[in-house]
Amino acid sequence: MGAKSVPECWRRLAACLVVWAAAAGAEPAPEHLHFIVPGGAGGGWDRTARVTGDVLVKGGLLQSASFENLSGGGSGKAIGYLIKTAERQHGTLLVNSVPIIVRSISGVFPFSFRDLTPIASVIGDYGVIAVLPDSPYQTIDQLLAAFLRDPLQVRIGGGSVRGDLDHIVAALAIRALGADPRKLIYVPYDTGGKAVVGLLTGEIQVLSTGLGEALEQRRAGQMRILAVTAPERLSVLPQVPALSEYGENAVFANWRGFFGPPQLPAALADRYAKLLQEMQALPGWEAALERNGWVNFYRPRGEFAVFLEEQEALIAALRKELGFY
Amino acid sequence: MINKNTIGGLLLLLFSLGYGLMALQLDSGGGLAAGGFSPRTLPLILAVAGMVLSLLLMFSAPGPAPAEQLANFKWRPALLLCGMMLVYAAIFPYLGFVLATIVFLIGAMLVLGIRSPKVLLLAALPITAGFWLILNQLLGIYLAPGALFL
Amino acid sequence: MWEGIESGLATAFTASNLAVVVIGCFAGTIIGMLPGLGPISAIALMIPITYGLDPAAAMILMAGVYYGAIFGGSTSSILINAPGVAGTVATTFDGYPLARRGQAGKALAIAAYASFTGGTVAALLLIFAAPALASVSLSFQSADYFALMFLGLIAVCAFAGKGYVLKSLLMTVFGLMLATVGTDPTAGVPRFTFGQIDLIDGISFLLLAMACFAISEALMTILKDEDSAQMAASAAKGTMGSLLLKKREVKEIAPAVGRSSVLGFFVGVLPGAGGTIASFLAWGMEKGLARGRDREAFGKGSLRGLAAPETANNAASTGSFVPLLTLGIPGSGTTAVMLGALLSFGIQPGPRLYIEEPAVFWSVIISMYVGNIVLLILNLPLIPYIARLLAVRKEILVPMILFFSLIGVYLVSFNVFDLWLMVLVGVVAIGLRLLDLPLAPMILGFILGDILEDNLRRALIISNGSPDFLWARPSTLFIMAIAALIALVPLLGRWRTGRTVQAGEGG
């Protein structure tokens with residue numbers, strides 16, 4: 001996990017090789033990448049970064065990788081640090097996900113993704129609306145009908161605070177179905193896991209969570225998925241409607257991706273994006289996706305930036321509707 | 001008669017008051033409120049509780065705790081130690097873990113009266129080295145080098 | 001089920017798995033002694049290592065590390081009043097005074113025995129009651145959690161001792177206030193952060209604990225210019241003999257240990273409640289059950305006061321495996337990390353685990369028990385040596401303790417701001433101590449503050465704003481009724497003393 005130092009003669013040899021390879025027109029693999037994780041060890045971001053680095057190194061696309069946990073301020077600290085020390089961070093990537101958009105809107109930190117260089121998103125998770133297998137709501141239409149009768153009987157819970165990810169997915173769903181998202185009773189929990197407990201104890205009747213989680217639970221026979229925020233029905237869930245079948249603006253993906261420091265030279269940024277793309281062909285990456293229940297969601301550079309802007313607009317509008325700012 | 005309870009109660013009363021005033025400035029509207037609760041509800045309840053309890057404390061008889069000899073306290077070394085900790089916090093980003101820790105440990109021991117260079121170094125160096133080894137090598141925890149060395 | 005247990009025993013007692021347990025316990029203890037690295041980071045750090053092992057061995061390693069870390073946390077609580085883990089805060093109440101009286105060896109031994117017993121009883125309860133418990137634990141909703149936390153706070157104040165009830169209440173409120181600093185748990189809005197990005201996550205528990213306990217204690221030692229000679233002399237004399245408890249002492253703590261194991265286990269079973277509240281409840285319960293001079297001794301070095309939280313803490317740790325293994329729901333931060341690890345092995349804990357992978361299920365449980373035994377065997381002989389640390393001159397020890405506390409907190413956040421904050425809090429803590437205001441209720445209020453508010457909010461959202469959630473469900477009503485009864489105790493006590501004692505002062 002630490003940067004390895006290379007003895008002198010090998011350094012010289014490598015340098016010669018690099019020059020030769022560059023002269024021959026090939027792109028040399030970067031020696032080393034440093035990953036900043038704005039969260040604690042073992043968390044979602046941490047795992048994403050470490051698995052990515054691990055797969056890249058083992059697959060020969062990278063010589064070595066190092067990781068730094070820098071939690072605080074809901075990523076604010078890490079982002080601030082990366083911005084402040086930008087000139088010497090050309091070999092550093094920051095991992096993040098949807099919260100970078102939400103928290104910048106809600107003012108948790110004074111930065112936004114525009115203050116960084118978007119490299120690429122790598123994995124993603126559509127949102128789902130799910131219930132217990134024996135729930136009285138077996139289809140999304142039944143849920144809607146009950147909601148219109150009495151929202152208090154259709155409490156939706158999730159692992160984010162009010163106004164954040166899971167609440168947004170739930171509100172999006174309600175809106176796509178044609179009902180008023182402000183009537184939604186959203187019950188916030190610390191984590192997705194605790195929300196699942198809430199579902200099991202009956203505190204909430206419906207769960208808003210990520211596809212990966214939900215699929216796991218469904219495979220274990222413990223959950224029934226009613227709708228997905230994907231652009232169209234998923235092959236793994238052909239019976240489950242995509243919310244876009246009901247209304248507009250109902251597509252939402254919780255992505256995880258990497259950012260570089262501001263003013264990162266475009267050549268470097270492109271090279272990193274390419275690296276992440278090549279990573280997906282590696283068998284190690286396939287195994288990692290399998291093991292962690294992740295889904296590919298690759299959008300490089302400009303495409304990534306556009307995606308972020310669209311998501312930001314969607315989230316901002318929805319939050320305003322719900323009464324947040 | 002002014003006793004510990006009066007002082008303690010007064011300080012906490014002022015604190016609760018300040019806390020309550022800050023709480024009143026918190027946002028409470030829109031989507032933030034739910035179930036009649038907003039981000040400022042609990043703080044306001046606490047502020048009121050704090051003020052009531054501290055008032056009660058101010059006017060209650062002191063407990064049976066043993067009286068401490070404030071006059072006999074060694075304030076100077078304690079204050080200097082606090083100072084050393086502040087120095088540690090100040091130099092840490094610049095000197096990095098290893099150097100800053102050595103400076104702190106030696107400084108703190110000097111403040112407390114140890115003069116022998118042998119003891120100073122024998123105590124400070126192994127502990128610092130030991131921690132650095134365990135943290136950096138064994139556990140793989142990244143300790144950024146001081147800004148001076150980057 | 002018995003063949004499951006048999007296969008579990010077989011797996012647990014293979015040479016390699018035993019080695020794994022030993023390594024885990026050892027590593028866990030060392031890591032646990034370093035304040036910043038609690039069980040959670042210890043286990044997270046172990047995860048990459050476990051990739052090379054088979055799932056059973058990996059779980060065994062992590063369980064060993066988990067217990068080791070808790071034991072390590074107790075060690076620093078007792079020796080230097082530095083509770084590295086929230087679950088060991090209550091250990092400092094009586095453990096540290098014992099150490100100061102020169103009985104560090106005995107205190108560490110009691111902690112070891114108490115933890116072992118708590119873990120054993122809990123493991124037994126786990127084996128026989130796990131499936132049934134799983135469904136019971138699911139009946140606990142936010143309202144009930146709120147009531148439970150409220151009960152814990154009331155208990156600590158009610159049993160605070162003459163003249164301290166009001167102060168404890170006040171300090172509890174103060175602790176709750178400190179807990180509100182940071183981001184509001186329900187809506188994500190920053191509160192009381194003075195615009196400092198470093199306060200967005202609130203004040204970390206570790207920071208508060210280290211500053212209030214370890215740093216303030218170290219500075220007080222200098223202020224009072226106390227002689228550590230007494231502690232040194234006894235520590236130097238420490239032999240294995242002092243590790244054996246006298247029969248009288250065993251009799252004294254046995255009932256407390258028994259009660260606390262059961263209490264701790266059941267509290268641990270509830271997802272979200274863990275070693276911390278269990279240890280405080282146990283301490284409060286034992287203090288409440290003690291009479292007269294025994295009760296006075298709590299907080300000053302009572303053997304019961306040390307045994308109860310240690311037992312409950314370990315029992316709760318075992319209990320928290322119940323929701324993990326039977327429902328796939330992590331009962332605490334640590335089990336959440338373990339859940340992640342299990343999932344990465346392709347093992348989905350849940351009702352099916354019991355049926356489909358009995359080897360894993362039982363070997364985890366058995367090895368937890370083995371882990372308990374190993375901890376005892378490993379750590380008891382080390383105790384005299386560990387206790388000897390206190391023999392170091394205070395001129396060297398105090399800077400070490402200060403460094404230890406500061407770096408411990410730094411390792412969690414890597415934020416220099418925390419160091420400044422610690423000095424401030426440490427000074428304030430000394431002020432509070434000199435004003436005779438108790439710090440324990442403050443810390444408890446702080447720890448429970450977030451959970452309390454979080455559950456209160458949810459309960460209100462669900463009840464649509466009405467306070468009837470306090471009595472709507474029988475479980476909530478029951479817990480609140482106990483809280484009300486406990487709250488009456490100090491009043492009753494005062495009434496009774498008022499009648500029998502004619503003199504004016506409270507004495």
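A nonpolar core is taken here as a set of buried Ala, Val, Leu, Ile, Met, Phe, Trp, Tyr and Cys residues joined through C-beta atoms within 7 Å, where a residue is buried if 20 or more other C-beta atoms lie within 10 Å of its own, exposed if 12 or fewer, and partly exposed in between, with C-beta atoms placed from the backbone. The structure is a predicted model, in which local features need pLDDT of at least 70 and side-chain atom pairs count only at pLDDT 80 or more, while totals for chains, interfaces and linings use all residues. Residues are numbered from 1 along each chain as its sequence is written, and chains are lettered from A and ligands numbered from 1 in the order in which they are written.

The largest nonpolar core holds 299 residues, among which Met210(C), Met422(C) and Ile443(C) touch the most other members. Helix 5 of chain C (residues 89–137) provides the largest share of this core, 22 residues; helices (H or I, at least four residues) and strands (E, at least two) are DSSP runs, numbered from the N terminus.

Chains B and C meet through 53 residues of chain B and 50 residues of chain C, two residues being in contact if their C-beta atoms, placed from the backbone, lie within 7 Å. On the side of chain B that touches chain C, two or more residues each come from helix 1 (4–24), helix 2 (41–58), helix 3 (75–111) and helix 4 (117–138) of chain B, and the largest share, 15 residues, belongs to helix 3 of chain B. This side of chain B comprises 40 nonpolar, 9 polar and 4 charged residues, with Ala, Val, Leu, Ile, Met, Phe, Trp, Tyr, Cys and Pro counted as nonpolar, Asp, Glu, Lys and Arg as charged, and the others, Gly among them, as polar.

Chain A is assigned a domain 1 (8–24 + 31–124 + 254–321) and a domain 2 (126–252), the bounds coming from an automatic or database domain assignment. The centres of these two domains of chain A, taken over C-alpha atoms, are separated by 29 Å, and 13 residues of domain 1 are in contact with 15 residues of domain 2. On the side of domain 1 of chain A that touches domain 2, helix 11 of chain A gives the most, with 5 residues.

Helix 11 of chain A (residues 301–322) also contains Arg301(A), whose phi is near 35 degrees, a positive value in a residue other than glycine. Most residues other than glycine have a negative phi. Arg301(A) is partly exposed, because 17 other C-beta atoms lie within 10 Å.
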